[in-house]
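Please keep the sequence and the 3D view open while reading.

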Amino acid sequence: MVPNEMDVVLATLPLRIGTYVPDDLLEDWFAPDTGMNPVSDQCLKAAKAYGRKFECEFKYYTDRQEGVFWKFVPAM
């Protein structure tokens, strides 16, 4: 379960600033007991959906073993 503090972080996240979450926490929060090496598709889909609730993008970086939430800059 995602801690309430993360909701606050993503709700108030400024544009172009990222919030980095290590893969072990991603699995614990979004898909417990699904395995972690590699991070499960279920986890990544749930993290992406969670980010959208706060108008954030989400991307997982395998080489860094972490996911990143950020607010994109709308096209000018």
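## Aromatic pairs

The structure holds 5 aromatic pairs; rings of Phe, Tyr and Trp (its six-membered ring) pair if their centres lie within 6.5 Å, and planes under 30 degrees apart count as stacked, over 60 as edge-to-face and the rest as tilted. One of them joins Y50 and F69 edge-to-face, with 6.0 Å between centres and 80° between planes. Y50 belongs to helix α3 (residues 41-53) and F69 to strand β3, so this pair ties together parts that are 19 residues apart in sequence. Helices (H or I, at least four residues) and strands (E, at least two) are DSSP runs, numbered from the N terminus. The model is predicted: local features need pLDDT of at least 70, side-chain atom pairs count only at pLDDT 80 or more, and totals for chains, interfaces and linings use all residues. Residues are numbered from 1 along each chain as its sequence is written, and side-chain values use heavy atoms, with hydrogens and water left out.

F69 is buried, at 0% relative accessible area, where buried means under 20%, exposed over 50% and partly exposed in between (1.4 Å probe, protein chains only). The ring of F69 also pairs with that of F58: the centres are 4.7 Å apart and the planes stand at 45°, so the pair is tilted. This pair links distant parts of the chain, since F58 is in strand β2 (residues 57-61) and F69 in strand β3, 11 residues apart. Y50 is buried at 7% relative accessibility, and F58 is buried at 10%. One aromatic cluster is formed by W29, F30, Y50, F54, F58 and F69.

## The sheet

The strands make an open sheet of 3, in the order β1-β3-β2, with antiparallel pairing; two strands pair if DSSP finds at least two bridges between them. β1 and β2 are the edge strands, each pairing on one side only. From one strand to the next, the twist averages 20°; axes are lines fitted to C-alpha atoms, for helices over the stretch in contact, and angles run from 0 to 180 degrees between N-to-C directions.

β1 pairs with β3 (residues 66-70) in the antiparallel sense over 5 bridges. Within this pairing, G18 stands opposite W70, and T19 stands opposite F69. The pairing of β2 with β3 is also antiparallel, over 5 bridges.

## Faces and covering helices

In a regular strand the side chains alternate between the two faces of the sheet. In strand β1 (residues 18-22), T19 and V21 make up the covered face, while G18, Y20 and P22 are on the uncovered one. β3 is mostly covered, with 4 of its 5 residues buried.

Which strands does helix α2 lie across? Helix α2 (residues 23-30) lies across β1, β2 and β3, and runs at about 85° to β1. Helix α3 packs on the sheet as well, touching β2 and β3, and its direction makes about 150° with that of β2. Contact means heavy atoms within 4.5 Å.

## Charged side chains around R64

A search of the whole structure finds 1 salt bridge, defined as a side-chain nitrogen of Lys or Arg within 4 Å of a carboxyl oxygen of Asp or Glu. The side chains of R64 and E66 form a salt bridge at 2.9 Å, N to O. E66, in β3, is the bridge partner of Y61 in the sheet.

The charged end of R64 sits over the ring of Y61, 4.2 Å from the ring centre. A charge sits over a ring if NZ of Lys or CZ of Arg is within 6 Å of the ring centre and within 35 degrees of the ring normal. R64 is partly exposed, at 40% relative accessible area.

## Positive phi in the loops

Most residues other than glycine have a negative phi, and most peptide bonds are trans. R16 has a positive phi of about 70° although it is not a glycine. R16 is in the loop between α1 (4-12) and β1, and counts as exposed at 70% relative accessibility.

E55, likewise not a glycine, has a positive phi of about 60°. The loop between α3 and β2 holds E55, which is exposed at 62% relative accessibility. In the hairpin of β2 and β3, which has 4 residues between the strands, Q65 takes a positive phi near 55°.
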